[in-house]
Amino acid sequence: MKRINLTTKLNFKIVFVVLLLMITVTAYNHWLYVQEENDKNITLLMSITEFLVQKKPAGSFADIAAQQVSPLQPAQEQVLAINRQLHPLLNEIFVPLDIIKFGYYARQYDCIVAIGPQLDTSLLIGISPCKLRQINESNTELLIKNKSSVVWHGANSLAYVKPISENGVIIGHAFASINQDAVYSVLWRRTISTFLGAFLMVLVCVAVFRELFVKLKKDLRTFAESILDGRTYNYKSEIEEFTPILKYISEQTEKMTKLDRLNIIGEMAAGIAHEIRNPMTTVRGFLQFLSIKNEFIKQKENFDLMIDELDRANSIITEFLSLAKNKNMEFSYINLNTIIHDIYPLLQADAMRNNCEIKVILDDIPSVSADQSSIRQLILNLVRNGIDAMPKSGIINIYTEAVDSKVLLSIQDCGVGIPPEIREKLGTPFFTTKEQGTGLGLAICYQIIQRHSATLSIESSPGKGTTFTIGFKQS
Ligand code: ADP
Ligand code: MG
């Protein structure tokens, strides 16, 4: 048998598709995280800035400085004086260190005069706050994205800036700024660890599926081989849940094989019967014609014997013909009990010739859709087999009963029984264990049962007897 290695290809495909899906989902999730985080942070920045504007002591930054040093002092002294005044206010705001900074920018000194949460003196004097100066003239609140921020010593940042006015003049700004690089690195760490966790789970799933798939493949191969060898009957899969499916497939395969054989035989039979019957009829006619001639009058007995033998051959051909696939059946609603009554004398005569007896136990049953002559043949064949199975003597019981939605017809003998090893072969045309048997009786029965969409069950114990039960669907 050709061996195909699907495992690796399939695994790669599955892993590739799953990875692609995971990457898409992770990227989308990451984008959502970023949006959510940004929204949250902007609200935080806005409220910090608002707080700073509200809480700033009244008066310009120069006024605040003047409380401690004279306005004539150099700018550096004045900025430090403002810082001393404002820093306690900044300490009231609690934020995660290294992510958010906030403070005041004074236009007059062109520098940041207070910054929190930790005092970063490097920003107060000497370093130009660049971007902040750019918005000096603006009197509206602004959200600024900085590619390299002074507040964060070069990191990407997002700042919220609000102007502070004193007597209608903008004297500076309150600001709050967040380190976007730090925020994004936290988000990436979260995304990557989620992705790795999910990937690990996928790997475990693939490993489990691979194991199952390998088992299944091995099972199917052995199963296919056993079908070819015809030993499917009690096939057991390594995966327990799979056994019923394989069993069902094997049963169906067996049925199909049997039907196939029947169909071929049927077609052959129809052709052969046609070819043989015609010359036989001619020969029979001549024999009959010659047997009454004066010159052959002494041979009359021999002629009659020849005619009888021809008739027997003809009846065998008729049996063959019953297997013909397209033999017409006339379905009508009939009661099986009526058919049994009709053929009872025939059955009884046959039984008595073989020291047997027929007992009929009939229930009240509804009519079923059936072809009368086929059912007669079915009963005759089964009863005949029953008689054959009881060489000395015995009783054959014929039962009918209605169970659930079925009408059951059972034919029970107390004969030799059917050995388990030939159970499989029953119904195969020409299979017989009898010296004089044709091996066609059960093949015909199986075909009749199949064409009536009926079911068959056989119970047999060697030495005790056999019961054939046919279940017809109630119409
Ligand atoms: P035949 O009767 O010509 O042998 P069948 O197709 O009717 O052909 O039966 C096939 C075989 O099935 C028989 O030879 C016999 O071995 C077995 N068989 C059928 N019915 C019975 C039965 N009631 N008891 C025992 N064996 C049976
Ligand atoms: Mg038979």
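P117 sits in the loop between β2 and α4, the latter being residues 131-134. The peptide bond that joins G116 to P117 is cis, with omega about 5°. Keep in mind that this is a predicted model.

Two other loop residues have a backbone angle to look at. H153 lies in the loop between β3, residues 142-146, and β4. H153 is not a glycine, yet its phi is positive, near 50°. N355 is another non-glycine with a positive phi, in this case about 60°. You will find N355 in the loop between α8, residues 336-353, and β7, residues 356-362. Are these residues buried or exposed? H153 has a relative accessible area of 55%, so it counts as exposed, the cut-off being over 50%. N355 is also exposed, at 55% relative accessibility.

Now the whole chain. The protein has eleven helices and twelve strands. Its radius of gyration is 51 Å, while the globule rule gives 23 Å for 475 residues, so the protein is more spread out than a compact globule. The C-alpha trace spans about 170 × 50 × 40 Å along the principal axes. Of the 475 residues, 38% are buried. If we take contacts with a separation of 6 or more, 65% of them are between residues 24 or more positions apart.

Next, the annotated segments. An unreviewed UniProt entry lists residues 12-31 and 192-213 under "transmembrane region". In the model, residues 12-31 are 100% helix and 0% strand, with 28 Å between the end C-alpha atoms. Residues 192-213 are likewise 100% helix and 0% strand, and there the end C-alpha atoms are 30 Å apart.

On to the interior. In soluble globular proteins, nonpolar side chains tend to be buried together. Which residues touch the most other members of the largest nonpolar core? They are F61, F102, Y104, Y109 and V113, in a core of 42 residues. Several elements give two or more residues to this core, among them α1 (7-55), α2 (61-66), β1 (100-106), β2 (111-116) and α5 (180-229). Take V113 as an example: leaving out residues up to four places away in sequence, V113 touches F61, V79, I82, N83, Y104, Y105, A106 and L124. Apart from this core lies another one, of 40 residues, including I343, V368, V407 and C445.

Helix α9 covers residues 372-388, which is 17 residues. From first C-alpha to last, α9 reaches 24 Å, close to the 24 Å expected at 1.5 Å a residue. Its buried residues include S374, I375, Q377, L378, I379, N381 and L382. V383, G386 and I387 are also buried in α9. As background, an α-helix has 3.6 residues a turn, so residues three or four places apart point the same way.

Last, a residue in a strand. T469 is part of β12, residues 465-473. Why does T469 count as buried? Its relative accessible area is 16%, and buried means under 20%. What does the side chain of T469 make a polar contact with? The partner is the side chain of S410, at 3.2 Å. Not counting residues up to four places away in sequence, T469 touches L408, L409, S410, T455, L456 and S457.

Note on methods
Residues are numbered from 1 along each chain as its sequence is written. Chains are lettered from A and ligands numbered from 1 in the order in which they are written. This is a predicted model: local features need pLDDT of at least 70, side-chain atom pairs count only at pLDDT 80 or more; totals for chains, interfaces and linings use all residues. Side-chain values use heavy atoms; hydrogens and water are left out. UniProt positions are given in the numbering used here, feature names are shortened, and annotations may be inferred rather than shown by experiment. Helices (H or I, at least four residues) and strands (E, at least two) are DSSP runs, numbered from the N terminus. The expected span of a helix is 1.5 Å times one less than its number of residues. Buried means under 20% relative accessible area, exposed over 50%, partly exposed in between (1.4 Å probe, protein chains only). A polar contact is a pair of N or O atoms within 3.5 Å; within protein, one must be able to donate a hydrogen and the other to accept it, and residues adjacent in sequence count only if both atoms are side-chain atoms. Contact means heavy atoms within 4.5 Å. A nonpolar core is a set of buried Ala, Val, Leu, Ile, Met, Phe, Trp, Tyr and Cys residues joined through side-chain atoms within 4.5 Å. The radius of gyration is taken over C-alpha atoms; the globule rule is 2.2 Å times the number of residues to the power 0.38.
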